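User: I have a structure open and I'm new to it. Can we go through it in short questions?

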Amino acid sequence: MVKKVCNILNVILLIILLILACLLIVPNLIGFKSFAVISGSMEPNIHIGSIVYAKPVDYKELKVGDVISFKINDSTMVTHRIVSVK
């Protein structure tokens with residue numbers, strides 16, 4: 001009985017790890033980058049600790065209301081909603 005329960009738990013753990021691997025690896029393979037949200041500036045739509053996925057787009061496609069991720073320096077990415085275009 002204990003062996004059967006351990007086998008079931010092992011299968012569940014393996015499935016969870018495969019799902020996590022897919023969520024973290026597959027987007028990178030198809031051109032998306034993932035970023036962790038570390039501030040509350042996008043609340044209530046995007047919560048602190050959330051992972052956002054972004055892909056490169058032509059800036060001409062962007063419009064007010066779009067959520068974008070951009071570099072503010074060599075090591076910092078920021079995710080915000082476009083509020084105006086100049």
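User: What does aspartate 66 touch, not counting residues up to four places away in sequence?
Analyst: Aspartate 66 touches Glu61, His80, Arg81 and Ile82, where contact means heavy atoms within 4.5 Å. This is a predicted model, in which local features need pLDDT of at least 70 and side-chain atom pairs count only at pLDDT 80 or more, while totals for chains, interfaces and linings use all residues. Residues are numbered from 1 along each chain as its sequence is written, and side-chain values use heavy atoms, with hydrogens and water left out.

User: Where is aspartate 66 found?
Analyst: Aspartate 66 is in the loop between β2 (51-54) and β3 (67-73). Strands are DSSP runs of E with at least two residues, helices are runs of H or I with at least four, and both are numbered from the N terminus.

User: Is aspartate 66 buried or exposed?
Analyst: Aspartate 66 is buried, because its relative accessible area is 17%. Buried means under 20% relative accessible area, exposed means over 50%, and partly exposed is in between, with a 1.4 Å probe and protein chains only.

User: How many salt bridges are there?
Analyst: The count comes to one salt bridge, meaning a side-chain nitrogen of Lys or Arg within 4 Å of a carboxyl oxygen of Asp or Glu. Lysine 63 forms a salt bridge with aspartate 66, and the closest N and O atoms are 3.2 Å apart. The backbone nitrogen of lysine 63 also lies 2.9 Å from a polar atom of the aspartate 66 side chain.

User: Now threonine 79. Where is its place?
Analyst: Threonine 79 is in strand β4, residues 76-81. Threonine 79 counts as buried because its relative accessibility is 16%.

User: Which side chain does the threonine 79 side chain join in a polar contact?
Analyst: That of serine 69, at 2.7 Å. A polar contact is a pair of N or O atoms within 3.5 Å; within protein, one must be able to donate a hydrogen and the other to accept it, and residues adjacent in sequence count only if both atoms are side-chain atoms. Not counting residues up to four places away in sequence, threonine 79 touches Ser41, Met42, Val52, Val67, Ile68 and Ser69.

User: Which residues make up the largest nonpolar core?
Analyst: Phe35, Val37, Met42, Ile46 and Val52, five residues in all. A nonpolar core is a set of buried Ala, Val, Leu, Ile, Met, Phe, Trp, Tyr and Cys residues joined through side-chain atoms within 4.5 Å. Leaving aside neighbours within four places in sequence, isoleucine 46 is in contact with Val37, Val52 and Val67.

User: And proline 56, buried or exposed?
Analyst: Proline 56 counts as exposed, because its relative accessibility is 70%. Proline 56 lies in the loop between β2 and β3.

User: Zooming out, what pattern does the protein follow along the sequence?
Analyst: The pattern is α-β-β-β-β, from one helix and four strands.

User: What is its radius of gyration?
Analyst: The protein has 19 Å, whereas a compact globule of 86 residues would be near 12 Å. The radius is taken over C-alpha atoms, and the globule rule is 2.2 Å times the number of residues to the power 0.38. Along the principal axes, the C-alpha atoms fill a box of roughly 65 × 25 × 25 Å. Of the 86 residues, 12% count as buried.
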